[in-house]
Amino acid sequence: MTLNDFIETLVVAANLGIFLLVVLTISERLRSGWRLIERQVQEIVSRREQAEKDQSHYDDTLADERKKVGEIESQISRARSELESLEGRHGETDLPFFYTATPIEGVDARFPSWRLMAHNPQLGQRAMQLSETAYQWNEGRFYEIPAPTHAAARAALERILPPQDGFFVRVVDDEKSGVA
């Protein structure tokens, strides 16, 4: 074997070694890339599964909330119909003309009761019939207010039925009313 043959063999061996190193490097990078892709795929799959679980939970929660809203809406409709029936009954029910009310705000039983009459012509004018309860505001409604003086009783009633809303209050003659 000559020196040229030996050098050619070495060059071929070196080229073959370089080729093997390149192949090994490329295969190692492919393996690490494949592992990275597998981790990314697993992460994406786990995110998708979590998103599906969350979506299912949100759908269940939304369905429960819609049921609650439906129940509340039915309660509101029942309350409205009950209110309408109560308003109808109130409009149909006539109170006696000499109906007397005693507001319970700040009532002290040790004070004498003062008989007052409250009028509101604006409410009375809106009354369509004489039997309507609102018509009684023309004639006046009686109130018995416990207070130390008739002025204090009048002030207490005017807090409940303010003059700016069209009410005016007067003290009923004590001798005629039979009350303090």
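These legends go with a set of close-up views of a predicted model.

**View 1. The whole chain, from one end to the other.** The predicted protein is built from five helices and four strands. Starting at the N terminus, the elements come in the order α-β-β-α-α-β-α-β-α. Of the 180 residues here, 18% are buried. If you take the contacts between residues at least 6 apart in sequence, 70% of them link residues at least 24 apart.

View 2. Mean pLDDT for the protein is 83, with 78% of the residues at 70 or more. Helix α1, covering residues 3–92, has the highest confidence, with a mean of 92. Across residues 175–180 the pLDDT stays under 50. The model still gives that stretch eleven contacts beyond four places in sequence. A word of caution applies: where pLDDT is low, predicted coordinates should not be read in detail.

**View 3. Inside the largest nonpolar core.** This core has 13 residues, and those touching the most other members are Ala118, Tyr143, Ile145, Leu157 and Leu161. Strands β2 (113–119) and β3 (141–146), along with helix α4 (150–160), are the elements that each supply two or more residues to the core.

**View 4. Zooming in on Leu161.** Which residues does Leu161 contact, once its neighbours within four places in sequence are set aside? The partners are Ala118, Trp137, Tyr143 and Phe167. Two of these names, Ala118 and Tyr143, also turn up with Leu161 among the core residues that touch the most other members.

**View 5. An arginine over a ring.** Here Arg115 sits over the face of Phe142, 4.5 Å from the ring centre. Don't go looking for ring-on-ring pairs in this model, though: the count of aromatic pairs is zero.

**View 6. Arg31 and Glu28 on helix α1.** The structure has six salt bridges, and one of them joins the side chains of Arg31 and Glu28, with N to O at 3.0 Å. Both residues belong to helix α1 and are three residues apart, about one turn of the helix. Arg31 is partly exposed, at 47% relative accessible area, and Glu28 is likewise partly exposed, at 41%.

**View 7. Glu52 and Arg48, also on helix α1.** Another salt bridge brings the side chains of Glu52 and Arg48 together, at 3.3 Å from N to O. These two lie in helix α1 four residues apart, again about one turn of the helix. Buried or exposed: where does Arg48 fall? Arg48 counts as exposed, at 59% relative accessibility, since the cut-off for exposed is over 50%. Glu52, at 45%, counts as partly exposed.

View 8. The Glu65 and Lys68 side chains form a salt bridge, with N to O at 3.6 Å. About one helical turn separates Glu65 from Lys68, because they are three residues apart in helix α1. Both are partly exposed: Glu65 has 38% relative accessibility and Lys68 has 45%. Elsewhere, salt bridges with shared partners tie Glu28, Arg31 and Arg35 into one network.

Key:
Residues are numbered from 1 along each chain as its sequence is written. This is a predicted model: local features need pLDDT of at least 70, side-chain atom pairs count only at pLDDT 80 or more; totals for chains, interfaces and linings use all residues. Side-chain values use heavy atoms; hydrogens and water are left out. Rings of Phe, Tyr and Trp (its six-membered ring) pair if their centres lie within 6.5 Å; planes under 30 degrees apart count as stacked, over 60 as edge-to-face and the rest as tilted. A charge sits over a ring if NZ of Lys or CZ of Arg is within 6 Å of the ring centre and within 35 degrees of the ring normal. pLDDT is the predictor's confidence in each residue, from 0 to 100. Contact means heavy atoms within 4.5 Å. A nonpolar core is a set of buried Ala, Val, Leu, Ile, Met, Phe, Trp, Tyr and Cys residues joined through side-chain atoms within 4.5 Å. Buried means under 20% relative accessible area, exposed over 50%, partly exposed in between (1.4 Å probe, protein chains only). A salt bridge is a side-chain nitrogen of Lys or Arg within 4 Å of a carboxyl oxygen of Asp or Glu.
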